[in-house]
Each structure stands twice: as C-alpha cells, then as structure tokens.
Amino acid sequence: MSVLQGIIDTYAQFFDLDMWGRVLTDPVSWGLIGTLIILEGLLSADNALVLAVMVKHLPPEKRKKALFYGLIGAYVFRFIAIGIGVYLIELWWVKVLGAGYLAWLSIKYFIDKQKGGEDEGEEEAEGINQKGLLIRMFGTFWGTVASVELMDIAFSVDSVLAAFGVSNEVWVLLVGGMLGVLMMRGVAGVFLTLIDKVPELETSAYILILIISVKMFLGVFDIHIESLYFFIILLLTFGATFIVHFMNKNKEGSKERNS
C-alpha cells in the first residue's frame, strides 16, 4: 500500500499550484528545463525522421493523423513514466540500474564512434513491414499508429532516464519532457542541421549522458550536486563544445591552405 500511496502522492504534485509557482519562477529550473529540451533534441533528432518513414506507406492525408495520434500516446507515456519514475528513482537499486544503463549508452556511443560509427535506424528506414503482426491485428492505419507509438516509447526510455539524472523536480521533468517531445517532432530538422554544422554537439550530448549517469550514481550514496552547480557544468560542457568546434574548423582551414 505504501508503494501505491507514494505514486499517488507523486501524481498529486502535478496539481500543486505552489510547486508550479516555485518551478516556473526559478531561473535554475528553467535552465534545467532548457537542458532537457536540448538533450532531447540532440539525442532524438533522427528519430523523428524514422517515424516519418514509418508512415510513408499511408495516403498523405492519413500520415499526419498517424503521427498526431502517436504524439498523443507519447505524451501519455511521458506522464505515466514521470509520475511513477519520480517515486521509483528514490530506490537505490533503481538509481544503480538507471546510472548503469546511461553509462552503457554513452560508452557504447564512443566505442561505435571509435569503430567508425554505425548507421543507426537503417532497418527502420526501410519502413514498416505491411504484413507485420500489428498491421494484421489492427489494419493498416491503426496498426501503423500502434507501431509509431511503440517506437515513440522505445525512443523515450533513454530521454526519461536522462531526465531523472538531471532533476527530481516533478514539474521540471514534466515541462522539460513534454516540450522535448514536441521539439523532437516539430524541429527535428533544425537539430539535424545543427549537428551537421557542429558535429561535436552529438559527442557532447553523450558526454552529458555520462555526467548525468555519475550524478545519478552518486545519489545512491546521498551525494547530491546542487542544481545550480550542475547547470554550470552543463553550460561549461556546451561552451567547450563550441571552442573545440572552432579549433577543429581552424585546423581544417589551415590544412586546406597548406595543401
């Protein structure tokens, strides 16, 4: 009963106007929300394109509907995941598992990068198997919606875990997560263009994931980094990214002039 009560108390915070006021008037909270949105965009920019390919077999007028219904489902999943997660993340073993998973994501990225990278999402880019189980069960349109929803949930797991490493404030997580989903769908192209122009940003995103993993793991031992200091670390990481980018660009320019 205590578990159920804890989850109910967490959801009750969604409707706490005092907490609304504290979070929405706190500059550090907005900084953390902005960080969650940027992380979502950097980590999930290509996912939106995968979803677009998944609905390409539908008539044009039904493609937007399928993506819209999938978006609603993504919001419902975020609401449920954040509500339950805020309670569960207080359990030490959940923190250990979450920190371990985030660390694995980051380390795997650098291993793949060392090997020359992998074309992620290649299999999905071929589109949905129109003879698949979901299509046979629910028909072409609703089967596609179900497929998009499942893919949305799969994409969201990484982002939700990373969000819990950034903050435990319910409204920071909720606002950041909801805006992040919208950013993933609405301006995926902007983030893809940004990554093309500043490729170091993708690497920085995974460095941040590793930092978030360490922060989450330290929480197991009641070692907590204040939100302000953590936000400063994030700003320094992004600042260093652009410095490295311009240094690399200058080196490339020097090589071209000398060749």
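Helix axes are lines fitted to C-alpha atoms over the stretch in contact, and the angles between them run from 0 to 180 degrees between N-to-C directions. The structure examined here is a predicted model, in which local features need pLDDT of at least 70 and side-chain atom pairs count only at pLDDT 80 or more, whereas totals for chains, interfaces and linings use all residues. Residues are numbered from 1 along each chain as its sequence is written, and side-chain values use heavy atoms, with hydrogens and water left out. Helices are DSSP runs (H or I, at least four residues) numbered from the N terminus.

Two packed helices are described by the angle between their axes and the distance between the axes. For H4 and H6 the angle is about 35°, and the axes lie 8 Å apart. Their crossing is right-handed, a word used where the near helix is turned clockwise from the far one by less than a right angle, anticlockwise being left-handed. The residues of the contact of H4 with H6 divide into 15 nonpolar, five polar and five charged, where Ala, Val, Leu, Ile, Met, Phe, Trp, Tyr, Cys and Pro count as nonpolar, Asp, Glu, Lys and Arg as charged, and the others, Gly among them, as polar.

Helix H5 (residues 92-115) also packs on H6, at an angle of about 120° and with the two axes 10 Å apart. H5 and H6 are therefore oblique to each other, given that angles under 35 degrees count as roughly parallel, over 145 as roughly antiparallel, 65 to 115 as roughly perpendicular and the rest as oblique. The crossing of H5 and H6 is left-handed. Gly98, Tyr101, Leu102 and Leu105 of H5 make the contact with Val157, Asp158, Leu161 and Ala162 of H6, contact meaning heavy atoms within 4.5 Å.

Helix H6 (residues 133-166) packs in turn with helix H9 (residues 200-220), at an angle of about 60° and with the axes 8 Å apart. That angle makes H6 oblique to H9, and H6 passes H9 in a left-handed crossing. On the H6 side Leu161, Ala162, Phe164, Gly165 and Val166 take part, and these meet Ile209, Ile212, Lys215 and Met216 in H9. By class, this contact has seven nonpolar, one polar and one charged residues.

Grid points are joined across faces, edges and corners, and a volume is the space filled by probe spheres set on the points. A search of the whole structure finds one cavity of 30 Å³ or more, and the largest cavity has a volume of about 100 Å³. H6 gives the largest share of its lining, four residues, and the lining of this cavity has seven nonpolar, three polar and two charged residues.

The second largest pocket holds about 420 Å³ of space. Of its 22 lining residues, Val166, Ser167, Asn168, Lys215 and Ser227 are the closest to its centre.

Note on methods:
Helix = DSSP H or I, 4+ residues; strand = E, 2+ residues; numbered from the N terminus. 1 Å grid on protein atoms, 1.4 Å probe; cavity = no way out; pocket = protein on both sides within 12 Å on 5 of 7 lines; lining within 4 Å.
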